Amino acid sequence: MTVSHRVQADRFTAFKNALRERNLKSTSQRDDIARVFFASNRHISVEELYRDVRKVNPRVGYATVYRTVRLLRECNLAAERHFHDGEARFENVAEEQHHDHLICERCGRIVEFSNAEIEELQERVARTLDFVISGHKMELYGICGDCRMGRRSRRPTRGDAHVFRT
């Protein structure tokens, strides 16, 4: 089993445990939605997830997808993000290190990155101003290299995620 598949399986197990803790039924539709969500490697809207899940299970309704995403968020397995376009997008909440986002205003590409120097600087600024940081998000907007060079002939799926550690 690859690391990616192992992580997806662990996330799915956490979802099943969260359902049990809440005395909620595990249904085939919820399971399909969770599996597709955990397998997605992007910041996905409910509409995009609905479209992807329908390829696996055409009987799944939009309301079921919406409620399942809300449940994933309540279980801290999904995080809701609102970027420049204002549409709610959801990403897998991993036990990994915090990350920030670069968002292309032209094609919608989202690049995740983390940088220890930036995190240290934020902590230093907070201490200087007598703040204790409980959380933060950083979103940087601009135009990606592919769009600047005219290499994008079509819009990618909005919310494509690429993770970089600097």
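**Helix packing and selected residues**

Biologist: How do the axes of H2 and H4 cross?

Modeller: The axes of H2 and H4 cross at roughly 65 degrees and come within 10 Å of each other. Axes here are lines fitted to C-alpha atoms, for helices over the stretch in contact, and angles run from 0 to 180 degrees between N-to-C directions. This is a predicted model, in which local features need pLDDT of at least 70 and side-chain atom pairs count only at pLDDT 80 or more, while totals for chains, interfaces and linings use all residues. Residues are numbered from 1 along each chain as its sequence is written, and side-chain values use heavy atoms, with hydrogens and water left out.

Biologist: Which residues in H2 and H4 meet?

Modeller: From H2 they are Gln29, Arg30, Ile33, Phe37 and Phe38, and from H4 they are Thr64, Val65, Thr68, Leu71 and Leu72. Contact means heavy atoms within 4.5 Å. Sorted by class, this contact has six nonpolar residues, three polar and one charged (Ala, Val, Leu, Ile, Met, Phe, Trp, Tyr, Cys and Pro are nonpolar, Asp, Glu, Lys and Arg charged, and the others, Gly among them, polar).

Biologist: And H3 with H4: at what angle do they pack?

Modeller: H3 (residues 46-56) packs on H4 (residues 62-74) at about 120 degrees, and their axes are 10 Å apart. The two helices are therefore oblique to each other (under 35 degrees is roughly parallel, over 145 roughly antiparallel, 65 to 115 roughly perpendicular, and the rest oblique). H3, too, passes H4 in a right-handed crossing.

Biologist: Which residues make that contact?

Modeller: H3 contributes Val46, Glu47, Leu49 and Tyr50, and H4 contributes Tyr62, Val65, Tyr66 and Val69. Seven of the residues in this contact are nonpolar, one is charged and none is polar.

Biologist: Changing topic: what does the whole chain come to in helices and strands?

Modeller: The chain has six helices and six strands, taken as DSSP runs numbered from the N terminus (helices H or I, at least four residues; strands E, at least two). From the N terminus on, their order is α-α-α-α-β-β-β-β-α-β-α-β. Of the 166 residues, 36% are buried (under 20% relative accessible area, with exposed over 50% and partly exposed in between; 1.4 Å probe, protein chains only). Among contacts with a separation of 6 or more, 58% come from residues 24 or more positions apart.

Biologist: Back to H2. Is Asp31 buried or exposed?

Modeller: Asp31, which lies in H2 (residues 28-39), is buried, at a relative accessible area of 10%.

Biologist: What does the side chain of Asp31 make a polar contact with?

Modeller: The partner is the side chain of Lys16, at 3.0 Å. A polar contact is a pair of N or O atoms within 3.5 Å; within protein, one must be able to donate a hydrogen and the other to accept it, and residues adjacent in sequence count only if both atoms are side-chain atoms. Leaving aside residues up to four places away in sequence, Asp31 touches Phe12, Lys16 and Ser26.

Biologist: What else does Glu80 touch?

Modeller: Not counting residues up to four places away in sequence, Glu80 touches Arg73, Ala88, Arg89 and Phe90. Glu80 and Glu91 are eleven residues apart in sequence, and their C-alpha atoms are 6.8 Å apart.

Biologist: And Arg89, buried or exposed?

Modeller: Arg89 is buried, at 2% relative accessibility. This residue is in strand S2 (residues 88-92), and its side chain makes a polar contact of 3.1 Å with the side chain of Glu87.

Biologist: Last topic, backbone angles. What phi does Asn23 have?

Modeller: Asn23 has a positive phi of about 55 degrees, although it is not a glycine. Most residues other than glycine have a negative phi. Asn23 is in the loop between H1 (3-21) and H2, and at 70% relative accessibility this residue counts as exposed.

Biologist: And where is Asn76 found?

Modeller: Asn76 is in the loop between H4 and S1. Its phi is positive, about 60 degrees, and Asn76 is not a glycine either. With 57% relative accessibility, Asn76 counts as exposed.

Notes
A crossing is left-handed if the near helix is turned anticlockwise from the far one by less than a right angle, and right-handed if clockwise.
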